[in-house]
Amino acid sequence: MIIPMDRVRRACRIRHPIIRESLAELIGTATLVFFGDAAIANNMFIGTTATVVNVPLGYATALALAVYVSGGVSGGHVNPGVTLGMCLTGRCDLNRLLPFTIAQFLGGFLGAALTHGLFFDVFQDDSHHTSGLYAVFATYPNGFISTGGAFLDQAMGTAMLLFGIMAVTDRRNMEVPKGGVGAAIGLVLFGVITASGFNTGAALNPARDFSPRLYSYIIGYDNVFKAGDHFFWIPLVACYVGAFIGAYLYFFCIEVHHPDELEETPAGLELQMTPADVKVTRPAPSHGHHNGGFRDDADYSRSGGYPRDSRHQRGAGYPRDPGYPRDPDYPRSDAYRDDRYS
């Protein structure tokens, strides 16, 4: 091996847990925004009529990938609203709220920069910034929707998203396998976008909307904060409101009502259980030192075990059947040494 990778890992590994997890949130959010905005740009430039499916599918895939990238380190929130909901319901420490939020907004900005770099030549053709290419980076409402309607749309959409995420990540509910959590959350996002994307574009994530919007302003699109009757503040506020509602709705309606005893079976699942699902546990038998480490019990079944001396009463002390050899590799003290077994 040319480069000792174990040494590199030890040298580069971040020891502080909050810094390490915040970095994972930054990279995860950048992944989400880059793949998602790139899907929007690609469909916009091609001019396909399948945008109504391609964009939600692209962002759902981006979210699934982002969760897989960062989930094992930080939980894969990649959304300040999700972090708020997890903190409010006790699934995440409150001291993670601020650093995760900062990392997510920085990640959104980085993802927008990566999208700009991927389609740099296309944006260079729009040197006067007169086209609608700014819509690649952020969401904008339809002209007919009011401010109140847009706020309600974002609040309800984010509540739906949080409600689904809480259900998928609830280990005491349907026990979604760890490897399937990312795909399940991406499917939830796909459903929410296809259900409400027509109104405002379904941002559902302050870091996904505000940071790319700020980046588009920096590269020359001056009207991004004025468009849609100053729509930019709605994803910032309404998504937090929706996250609060969605997280507590699941918490108080579902999560707190899980049975405390593991023996209780949820309704509708008892008929699906088979005898293989019922596990009978027994206490591990003790290994006595006085008989050379062999098991000295007759209460449990043996598989090819040793015979017991019928003349020896249970509970009595040593000796055992002298016809049975002891384990020569088992360490024994002088207090229990017996020359007959030597």
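1. Ground rules. This is a predicted model, so local features need pLDDT of at least 70 and side-chain atom pairs count only at pLDDT 80 or more, while totals for chains, interfaces and linings use all residues. Residues are numbered from 1 along each chain as its sequence is written, and side-chain values use heavy atoms, with hydrogens and water left out.

2. Overall make-up. The chain has 11 helices and zero strands; helices (H or I, at least four residues) and strands (E, at least two) are DSSP runs, numbered from the N terminus. Of its 342 residues, 40% count as buried. Buried means under 20% relative accessible area, exposed over 50%, and partly exposed in between, with a 1.4 Å probe and protein chains only.

3. Contacts and surface. Take the contacts (heavy atoms within 4.5 Å) between residues at least 6 apart in sequence: 73% of them join residues at least 24 apart. The accessible surface comes to about 19,500 Å², and 61% of that belongs to carbon and sulfur atoms. Areas are from the Shrake-Rupley method with a 1.4 Å probe; for residues, only the protein chains shown count as cover.

4. Helix H3, geometry. H3 covers residues 51-74, and its 24 residues should span 34 Å at 1.5 Å a residue; the end C-alpha atoms are 32 Å apart, which agrees. The expected span is 1.5 Å times one less than the number of residues. H3 also bends by about 35 degrees at Tyr68, the bend being the angle between axes fitted to the seven residues ending there and the seven starting there.

5. Helix H3, packing. Buried residues in H3 include Val55, Pro56, Gly58, Tyr59, Leu63 and Val67. The buried residues of this helix pack against H2 (17-46), H5 (97-118), H8 (181-200) and H9 (206-218).

6. Ser70. This H3 residue counts as buried, at 0% relative accessibility. Its side chain reaches the backbone oxygen of Ala66 at 2.9 Å. That is a polar contact: a pair of N or O atoms within 3.5 Å, where, within protein, one must be able to donate a hydrogen and the other to accept it, and residues adjacent in sequence count only if both atoms are side-chain atoms. Leaving aside neighbours within four places in sequence, Ser70 is in contact with Ala24, Glu25, Gly28, Gly75, Gly76 and Val78.

7. Positive phi away from glycine. Val78 has a phi of about 45 degrees although it is not a glycine. It sits in the loop between H3 and H4 (80-88) and is buried, with a relative accessible area of 0%. Glu175, another non-glycine, has a positive phi of about 55 degrees. Glu175 is in the loop between H7 (147-168) and H8, but is exposed at 61%.

8. Arg15. Look for Arg15 in the loop between H1 (5-12) and H2. Arg15 is exposed, with a relative accessible area of 55%. A polar atom of its side chain lies 3.3 Å from the backbone oxygen of Arg10.

9. Cysteines. How many disulfides are there? The count is zero, with a disulfide taken as a pair of cysteine sulfur atoms within 2.5 Å. The sulfur of Cys87 has its closest cysteine sulfur in Cys92, 4.0 Å away, which is too far for a bond. Cys87 is buried at 12% relative accessible area, and Cys239 is buried at 0%.
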